[in-house]
Amino acid sequence: MEELIINTPINSLLIFISMFILLFLSAYAGKSLFKKRNKNNDIIDSETSIVLGATLSLLALLIGFVLSIAITGYDHRQAKEENEAIAIGKAFQYLPLLSVKNRASVNDLLQQYLNARIEFFKAGNTTKENEWQRVSSQAQNELWKVVIMDDNITDNILSTYSELYTTRQQTIAGWNPRIPSAAWILLIISAVLSNLLIGYNIRGMRSGNGLIFIMPLLTTAAFFMIAEIDMPGRGIIHIVPHNLIILKQDDQQKK
């Protein structure tokens, strides 16, 4: 647990803490709104319990739906990393078909491109992402210029090296967060109302203060996990380019 806290970026911790405080204050506000229970409020309390149950059910459905969207996006990014590894590996396989004079330069550019793609996935959604995109784009353009002027050029070679550009663009297209701002706003509003009703429902209970912490903590943890999965690289969850790293290790072993 200590290692997890140390490795968690400060931005993720601030988001977690601020969201927890917001939801806790919502629950505490509901509890403090009416400090005493009146005997004539049995009907109102019964209606409140029904509304609370419906609100919690809606919140659970929203969290489950949004979480499924985030996981789908995460799987999509992993699939794009696999596609890039296949395309780069195929480019290395076609390297011996090029003329001798261009093999060394093409191999060096492929190495630069592979390293840039590995660093891009490691960077995730951080400020370094654009820098590695620029490096990989430059290496890919230089590769294309050399390959199209090769004496042994064929349609298969052209298709193989053009696929590097295609797979990289597909990664860029699917790299943005999947959850829109409107969905986050709806989730937060639902969570605030739910915790407000929970606090109202346990008003007047001296032993109810401990219960106030439970729902805000669980809801905050769910939101934090959704945000981490939807934007891997900014927090504790990353997309590790296993396939690209294995490809690099295999190429180094061949040498």
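1. A word on terms before we start: helices here are DSSP runs of H or I with at least four residues, numbered from the N terminus. Please keep in mind that this is a predicted model. With that numbering, Ile-189 sits in helix α7, which covers residues 181-201.

2. Now the overall make-up. The chain has nine helices and zero strands, so its elements, read from the N terminus, run α-α-α-α-α-α-α-α-α. The chain has 255 residues, and 39% of them count as buried.

3. Let me stay with Ile-189 for a moment. Is Ile-189 buried or exposed, or something in between? With a relative accessible area of 45%, Ile-189 is partly exposed, because that class lies between the 20% limit for buried and the 50% limit for exposed. Ile-189 also belongs to a nonpolar patch on the surface, together with Ile-185, Leu-193 and Leu-196. Taken together, these four residues have about 340 Å² of accessible area.

4. Next, the packing of α4 and α5. Two packed helices are described by the angle between their axes and the distance between the axes. Helix α4 spans residues 100-123 and helix α5 spans residues 128-148. The axes of α4 and α5 come within 8 Å and cross at roughly 160°. An angle over 145 degrees counts as roughly antiparallel, and α4 and α5 are therefore roughly antiparallel to each other. The crossing in which α4 passes α5 is left-handed.

5. How do α5 and α6 pack, and at what angle? Their axes are 10 Å apart, and the angle is about 165°. So α5 and α6 are roughly antiparallel to each other, and their crossing is left-handed.

6. On to charged pairs. How many salt bridges does the count come to? The count comes to three salt bridges. One of them joins Glu-84 and Arg-117, with the closest N and O atoms 2.7 Å apart. Glu-84 lies in helix α3 (residues 42-93) and Arg-117 in helix α4, so this pair ties together parts that are 33 residues apart in sequence. Glu-84 counts as buried at 1% relative accessibility, and Arg-117 counts as buried at 0%.

7. Another salt bridge links Asp-151 with Lys-101, and here the closest N and O atoms are 3.3 Å apart.

8. Glu-131 pairs with Arg-134, the closest N and O atoms being 2.7 Å apart. Why are Glu-131 and Arg-134 separated by about one helical turn? Because they are three residues apart in helix α5. Glu-131 counts as partly exposed at 39% relative accessibility, and Arg-134 counts as partly exposed at 44%.

9. Leu-62 is found in helix α3 and is buried, with a relative accessible area of 16%. The C-alpha atoms of Leu-62 and Ala-183 are separated by 8.7 Å, while the two residues are 121 residues apart along the chain.

10. Ala-87 is found in helix α3 as well. At 1% relative accessibility, Ala-87 counts as buried, since buried means under 20%. Which residue is 7.4 Å from Ala-87, C-alpha to C-alpha? That residue is Thr-167, 80 residues apart from Ala-87 in sequence.

11. My last stop is Phe-121, found in helix α4. Phe-121 counts as buried, with 1% relative accessibility. The C-alpha atoms of Phe-121 and Glu-81 are separated by 8.0 Å, and these residues are 40 residues apart along the chain.

Key: Residues numbered from 1 in each chain as written. Predicted model: local features only at pLDDT ≥ 70, side-chain atom pairs only at ≥ 80, totals over all residues. Heavy atoms only, no water. Patch = residues over 30% accessible without salt bridge, like charges linked within 9 Å, V, L, I, M, F, W, Y side chains within 5 Å. Areas by Shrake-Rupley, 256 points an atom, 1.4 Å probe, with all protein chains shown as cover. Salt bridge = Lys/Arg side-chain N within 4 Å of Asp/Glu carboxyl O. Helix = DSSP H or I, 4+ residues; strand = E, 2+ residues; numbered from the N terminus. Buried < 20%, exposed > 50% of the residue type's maximum accessible area, 1.4 Å probe, protein only. Axes fitted to C-alpha atoms, helices over the stretch in contact; angles between N-to-C directions. Parallel < 35°, antiparallel > 145°, perpendicular 65-115°, else oblique. Left-handed = near helix turned anticlockwise from the far one by under 90°.
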